Amino acid sequence: MPSADVQKVSILGKESIHCGFHLVPYIVSTVLETLPSSTYVLVTDSHVAGLHLSAFQAAFDERNVSRDARFLTYVVSPGETSKSREGKADIEDFLLLNSCTRDTVILALGGGVIGDLVGFVAATFMRGVRFVQIPTTLLAMVDSSVGGKTAIDTPHGKNLIGAFWQPEYIFIDAAFLETLPAREFSNGMAEVIKTAAIWNENEFAALESRSAEIFAAIQTPSAAFSGRTLASRSPAQQLLLSVIVGSISVKAHIVTVDERETGLRNLVNFGHTIGHAIEAVLTPQVLHGECVSVGMVLEAEVARQLGVLGQVALGRLTRCLRAYNLPVSLADPRIASLPAAKVLSVTKLLDIMKIDKKNSGPQKKIVVLSRIGATYEPKATVVADSVIAKTLSEAVRVVPGIPTKSPIRMATPGSKSISNRALLLAALGKGTCRLKNLLHSDDTQVMMNALIELKASPSSRRQACRGSNHLVPQGASFSWEDGGETLVVQGGEGSLSVPPNGKEIYLGNAGTAARFLATVCTLVQPSASGERTVITGNARMKQRPIGPLVDALRANGSDIAYLESQGCLPLAVAPAGLRGGHIRLAASVSSQYVSSILLCAPYAAEPVTLELTGGQVISQPYINMTIAMMRAFGVDVVRDADPATGAPRDVYRIPKAAYASPREYSIESDASSATYPLAIAAITGTTCTIENIGSASLQGDARFAKEVLEPMGCVVVQTATETTVTGPPVGQLRALGLVDMEPMTDAFLTASVLAAVACAPPLAGRELADGSRPATTRIVGIANQRVKECNRIQAMMDQLAKFGVETKELDDGLEVYGKPVSELKEGASVHCYDDHRVAMAFSVLATVVKGTVIEEKRCVEKTWPNWWDDLSNKIGIEVEGVELSVSTSVASASRLADQGSAASVVIVGMRGSGKTFIGQLASSALEWSFLDADEFFEKKFQVGVREYVQKNGWPAFRAAETDVLQELLNTYPARYVISLGGGIVETPAARDLLKGYAKKGPVVHIVREVDEVVKYLEAEGSRPAYGEPIIDVFRRREPWFVECCNYVFVNYTGVLTDSLQADNAPSTTNIRDEVARFFNHVTGQQPNLAPNVTADSRSYFLSLTYPDITPALPHIDKLTAGVDAIELRVDLLRSPKDLDELGAYVPSAAHVTDQIAALRSKTSLPIVFTVRTVSQGGQFPDHAEKDAFALFHTAIRLGVEYVDVEITWSEKHIQALVAQKGHSQIIASWHDWSGNMHWDGKLVEAKYRIAHEFGDIIKLVGKANDLDDNLALHRFVQRMRSSVDAKPIIAINMGIEGQLSRVLNSTFSPVSHPLLPSKAAPGQLSFAQIQTALHLIGQLPTRRFFLFGNPIKHSMSPTLHNTAFELLGLPHKYELLETEAVGEEIKAVLASNDFGGASVTIPFKLDVIPLLDALSPEAEAIGAVNTIVPQRTAGGGLMLYGDNTDWLGISHCIRAALPANVNNPEAALVIGAGGTSRAAIYALHKLGVQRIYLFNRTRRSAEVLVNAFPNIKIELIHELGTWPADGPAPTIIVSTVPASATTTDPDVENALYLPISIFESSAGGVVVDMAYKPAETPLLALAGNQSKEWKTVKGVQVLLEQGYVQFQLWTGRRCPKALVAERVWSAYMAA
Ligand SMILES: NC(=O)c1ccc[n+]([C@@H]2O[C@H](COP(=O)([O-])OP(=O)(O)OC[C@H]3O[C@@H](n4cnc5c(N)ncnc54)[C@H](O)[C@@H]3O)[C@@H](O)[C@H]2O)c1
Ligand SMILES: [Zn+2]
């Protein structure tokens, strides 16, 4: 036997698991010697074969000396698809063909796929033959190879067919892991961590702290078979093997005790109940271990919810998984970015879990962890669906009631600042210290790991010991007690050394740890090796400033180098000890610098005098906290005082000393967190005691009880270390009057929700002299809360409004007007802006208001991860999981923005390219704030840019400008549009900042034609002159813009668009529409994707086959009738000079950009960007791969929505494109021109799989030879669509015979149009033809639509809708239903089977509401419905949905007509107070108009309207033409009164007189008259008669616009606007 040291593990009573390194010869000999046979068959996959098969072949040839045994090998393709019935049959055929008999021994060499497949073959071949597992992935080593489970997959699910079949041997050769991709290694680590988590805490602790070493063991290849023998095995290899063997031993033990999986063996399924359900949806993009990783965290949360598992254990589990690069939540970008992740609903997951093998009957089972290393039961535990649903759901509903646990005693999570300090103090101190109530956060974990790495290494220890006979302390060490509740720190007395072998200390994004550790590293004792300590972090960390601290330390003699950017991590710190003496530090940026030096100062060579410079010291309380804690660890810091006044100075004296750790240190609870349970006591009239926080607290928020709750009427008892609050009976909280919350700003959210229900008057002396209402709480001193996780003041106002609570914003705070609980609105759904404090504050209010939903429950994880569990388990308020429905937002006329990704937009470009103009339009489209860097600069430096340059020169200006950029990016990371100066790209540091930012947010380059820019600049003078020709500047900067930006917005203002804008057809998209489309798309606020594709409804695109599309532009509206997108066949484009070029051709990026810009000027439809190669039926050269991808990247940068990428291109390029695609989507396409592809064959399936891998949409095109080919296609599509990981698929057959497939295809059917020059492909049909065909084959039944109202005889709506139906080939009909009232007739229509939808007009817009099932948020806000949409529910029922499109019609018309100089209209006037003016007011509010004047002849009805919109500022005016004293004249006027009731003649009686003075605004504006008759109403005529620029909008225009939206809501199709408008206008004129 060859010499190899193997470690054996026994399973089922046999030592059949053999583990070691480089075992191939050992394996072959063992098999030959102990499993005699005539035939050995090795099965592997092609990856593994390429790497390791030859070694087996060689070993076999060498040892099979007598040559009497055969050695056959069979290689399958890698991946899960081989684990199929076909895959199994292929191997069996191979064995049979080779006459293998019962004595055959099969060797399974590979990952779990090979092991499972080959194992199953062995189990049934000749009724079972012997086999051997040689796992090559970590997952296979520790999991799939051990236990004897074998299986294959079927389309119905994974592992559904299989057998228990035990291998003769399992050979674990850990050297195979050296070739395994890192992601696969992590995948296996999930199972290793799982096993440790359920079974062995020590093992877990090793995994937790030694991740880096474990990675190192597989990353460094072992040369010359090192590791084969014990003598040659490195410590890292030793560690790796012990981890693997440890994990296997547990599994082997469990399998031995319970081979057939009845009880105990279920334990290894920890994380798998939920993990498998996730995997079912996300496979194959997400690996098994990755799904299980998320599953473990979720199942541990289930355990926590059940009150079985503590948060500490959950935190450790989460961080440990993260350390091995595993995802820990479904929000992980690797998961969330997948299209399949969208279907991960709670219902879906629970549904999949139903068929879990572990279930007993309908009950689901989960392995419930009770602590790290142990489970609640020795088997899986039955868990109720509601519990699982609660964990899985993203939102919660709080059930109001009296806390059942009152009187409550609890501790809230430890303070983060105190935890960080305590950890460092105890680690530097002498003796053992038990830290209680430590907050486990990334900061503390990172700090612990770093301190462990900084402890004396063995070599330096040996050197240090030489010559001395006492043992040098070995740095700090950490261990857990009380199931993880207590951290035991063994202090290292300041002994620190450089981590061995150049290892860098990685701090992730833990800011506090970075600041504290920077000084700690200077304490490291000198070493012989001369190496430095390197601390580094993630990309974000590398941008966070640390300069002032490093400057201070350098000035004190420390040798610290920046390894990348100046002023940021990574740092290399020379080990030289801290010198001490006088240290000067600029402390105006962060108090953490001060604390960092203070904490380390006692270990300096000389006593330290720390002097803070730079004026204003920020956050003094944190410095005081540090000093107080140092005192608790035995070191007294003395602060100097001014001898004259006794006032403290910013000079601190720290003695040279060692910290003496107390035996126990209890970390104070976080005072901000404590406000929530205390507030619950206050609002529910119960009692709550928070242990561990009292009057002696170091935290400002500890004053909340005394200064806020007590004056509200609570009884507060506070000792030095405890706080107890008892609330008054429910409903008796007092308003506060004025309260300054400057010392406890974070607690203002808690105060606000209490103030909302505080309706008793304030205590005597606290009333507001000027307070308008008796129950007012005015909170001030909290201006900084506008720049926290979100603008918290705005957030509180917006969310309180949902409860009907009124508020008012102040400069540095807000006023809240208290209301009795009984008057608050129930069922509010609170949006949390991903801000933990918003979520927790509103859960306080939710304890008294029924049905409150808190939308993003996970945002509490930042400070109180188990808040929801504590709320139910410790406080006694029940919490339910809620699944937010996605459908409502899709159906609504104005889709809600995705709040998730709101990274600010940065805009750059040449001066004069229109940055400010475009930026402002973008900000209004996004409803974000706009920031001009130049203006910001001027404010900051109190001097204009031009003057600054004159005074200080260009270099100084560039430096200052870069600082400003950094500041802007840091301060306004979300929901801003930031426009930068054109020269910003001249500075390399600024370019780096921009490039860095482009990784997380859009950096948009605004491009305008050079000559236009030149023209513009000649007329402008506020910026300094260039001093060189503009064109040179242009040339120089161009490449920098390209390099820094991830998007390009084309703002062509010159010739091209001039000629295009000439005709004023309504289809012309103006610049506003294009800005809105582009910025909503690239920011992901409202990606411009085709809604029908997402909703899985029929969708179409028009193929544009022009060599130059400009001639088609005037007809775009006609051409695109009904379609969802436009396909631009880029390979067919020819620039003007090449128009006659035939055959393969590569169009230039510039030409393509121009073509797209031209198209955009006409339509906002999504564009499908297709580059079809010659071999796939197009004209793009087959081998110009680079050119093709350059064009694809151009498309993505231009915000093109869909890019068609052929799957034949190389994977590397495709992956790079996918990484860049942002919110655009990839259509992965394959065309078979040969006619050889069969829809029931293997080829198409393989192509589907490849396309599925990277495409968001799959496109497969074949050729039909007969009708049957279409049916086969249809069956294929049905099959693919029913699989769990289905993606939208375009599948068609070319040729005349294939036409049926074009009718049946449901996603993006390519259509042509009779007006187009040539069809893009043979057999293409038009949109209308397809509709007709669908109708004829019963796929598009006739529906009836109605107008409800009175009188309606002259309505234009039937013309509008019936024209549109006709043009689109839809078989529907629109009719009038004039009735006296909303009664039986209308009800009957609504209930009829063929009801398609209805418009509702005067006077029924309010009356119809009670007949409907749901309203859109807009209809709800407006309080009126003009559109009814029937929606078929999943269960087959019908739901009537009410919407309002009036407001969209109004706002669209206003936006389109608004003159450019009134970009941000300040004031508007609404005339009339009926149902339509409600929509007008809402539209104006949505347009951002600050002041809305309302005029109505009867004041009473006007007041009703004011009250209906409590959150919109509406000012009643008494006389037309007279505005409020401080109010500007309106630039928008909307009249909603009948034209016949108005006059411009002052002498006419009984009519509303319209004076010319209403058009007073000097800038001009827009006037809309909603009256239909006559076309030119007195109001519009009047507008035309005066000199200023007033644009007029007729009632019919608004009718058309709202009708277009209505039509789309009903049919899912865009209305063919131009033709419809034409017909409506001519009918109107004729009437
Ligand atoms: N039977 C069980 O108890 C059990 C338990 C868990 C998982 N499984 C099954 O295991 C399968 C997953 O196993 P897997 O994760 O090992 O996947 P796998 O077999 O597909 O291997 C993953 C990838 O790594 C490659 N590879 C394997 N070894 C390599 C090496 N040493 N160097 C380079 N590349 C290498 C493979 O070719 C493959 O591309 C699934 O089918 C799952 O159902 C079974
Ligand atoms: Zn598993």
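Where is the place of Ala-998? Ala-998 sits in helix H33 (residues 988–998); helices (H or I, at least four residues) and strands (E, at least two) are DSSP runs numbered from the N terminus. This is a predicted model, in which local features need pLDDT of at least 70, side-chain atom pairs count only at pLDDT 80 or more, and totals for chains, interfaces and linings use all residues. Residues are numbered from 1 along each chain as its sequence is written, chains are lettered from A and ligands numbered from 1 in the order in which they are written, and side-chain values use heavy atoms, without hydrogens and water.

**Ala-998**
- Ala-998 is buried, at 18% relative accessible area (buried means under 20%, 1.4 Å probe, protein chains only).
- Beyond neighbours within four places in sequence, Ala-998 is in contact with Val-1003, Cys-1044 and Asn-1046 (heavy atoms within 4.5 Å).

- Glu-191 lies in helix H6 and His-288 in helix H11, so the pair ties together parts 97 residues apart in sequence.
- Both Glu-191 and His-288 are buried.

**Sheet**
- An open sheet of 5 strands runs in the order S39-S40-S38-S41-S42, with parallel pairing (at least two DSSP bridges between two strands).
- The edge strands are S39 (929–932) and S42 (1047–1050).
- S38 and S41 pair over 3 bridges, and Val-908 has His-1005 in S41 as its bridge partner.

Technical notes. Buried < 20%, exposed > 50% of the residue type's maximum accessible area, 1.4 Å probe, protein only.
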